[in-house]
Amino acid sequence: MILRSTLEEAMYTAMRTASVQMPPDVRAALEQAAKEETDPMARRHLTVSLQNADLARAGKGLVCADTGFPLFFVQAGAHTTVEGGFETIFQAAAAATARATEECFLRPTMVDPLRRSNPGNNLGPGMPKVELTFSGNGDGIRIIAAPKGGGSEIFGTFYNMLFPSDGVAGIKKFVLESIVNSCYAGKICPPAIIGVGVGGTADLCMSMAKKAALLRRVGVRHPDPLVAELEQELLDAARRLGIGPMGSRGINAVLAVNIETAVTHTAALPVAFNAQCLVGRRWTAMITADQNITYTGDVA
Amino acid sequence: MKNITLPMSKDTARALQLGDMVTVSGLMFTGRSRFHIRAIEENIFPPLDYQAINCFFHVGPVMRDTPDGWEVVSCEPTSSIRFERYGADVVRRFQLRTLIGKTTMGARTAQALQEVGGVYLSKIGLSGNALRDQITKVRQVFFLEELGKTEATWVYEVDHFGPFFVAIDAHGNNYFEQLAADVSCALPGIERDLGIPADYAFTNVNPDSSANM
């Protein structure tokens, strides 16, 4: 059985680490992009951002001061049991978020949407957001903590209910226009990882887009060759726009286009777009049934 | 690299060109959405000498309360374009000659900056941790109780703060609008290669507004 204290510790440490350390795959992609860019401003945007991440890793600040929305993606197995039941996961997430905020690893950013009042601890209805899913026959838990920055979420979220007659051309046009709009003046902090959902209901479609942007290792293509081909085609197109890091003149507005699909209504072609910013913050904690916690910057 | 002493003079502002990289030294105040809305809609703003402190830094810093006073943990400029509804009014009201933020601002704010003799400086990469070390003193804080640490107005004393680049000059020109025009020129060719017809239109399931005209 996984204990509440183990969950709290793992969620806190994963969230804290995500705020101060860039995932290795994202860092490698940014270093590669810095080599490719020729415009001095485009290169400088990247070298400065990498130096900033080095300072954060050395205990001198954060990867980005906008620690954004506190998100946890939790996956349990068929034989996982939790002290106090699965509801404990949500309570542990709240405690971990409040502690990370108290210790200045998260900025107090979550406010009431109408009153605009700020409790100062990033807690409130809906936050932290915990998505609990089940997969496999194991008895452990995998947690991915993802402080999702405001820029990429606020300026990089679009949804369009297309129709079958709009075709793949419609998907391409929607994604390309969304990239141009969201990268203007560096709003989503490019080079961005673009998540695209195709199919499902509106909420499932957007959820797929978000997970495609946040939870896939940079450079991994979709297993379905038809989807993988569309991903590559859109990435190649984005690299020809003439938009670079932070909306400068360059090549790397986008590091990856990741698409996820779900079956949908025969009358519909829903498409959702959600961007992840250049720092790509996420950190993974794996908990075993005997309370062992291991952490990794990778996603598997 | 050029270091500008704050408050910036009209002459200094008007001599700056799009893309110039600069640092600034002197006094600045911070604010985000709540500052803009309250200043213009409710006439609530900190009692500062805006002639002496006329650099407005768009940021929600991470601040730590310590026994020795307030400490900046990290301060990443925030997206200024969000404030465009109030940007021009705020520039005129406080006669601001320096705005510092992320992204850019729109045409109305650019027009106000031109009138006042001011520029908009945009950030270079993510540099919140380096910027923190260039803040030599946290002078004052206003509205902390009402607005919280992120939306409060902080007054910072800074030394060689930056660098930033000139994204809107004092003559109404915008670096990003020029770049966007080039992107618009590239787009049709890219769409053609993706197999999107030049006259492509998404299916419209609502009344055609042009048919009613």
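Modeller: Two strands pair if DSSP finds at least two bridges between them, and helices (H or I, at least four residues) and strands (E, at least two) are DSSP runs, numbered from the N terminus. This is a predicted model, in which local features need pLDDT of at least 70 and side-chain atom pairs count only at pLDDT 80 or more, while totals for chains, interfaces and linings use all residues. Residues are numbered from 1 along each chain as its sequence is written, with chains lettered from A and ligands numbered from 1 in the order in which they are written.

Biologist: Which strands stand at the edges of the open sheet in chain A?

Modeller: Four strands of chain A form this open sheet, with mixed pairing, in the order S4-S7-S5-S6. Each edge strand has a single partner strand, so one side of it is left without a neighbour in the sheet, and the two in question are S4 (157–162) and S6 (254–261) of chain A.

Biologist: Which element gives the most to the side of chain A that touches chain B?

Modeller: The contact (C-beta atoms, placed from the backbone, within 7 Å) takes 47 residues from chain A and 42 residues from chain B. On the side of chain A, two or more residues each come from helices H3 (40–57), H6 (167–183) and H8 (225–238). With nine residues, the element that gives the most is H3(A).

Conventions
Contact = placed C-beta atoms within 7 Å.
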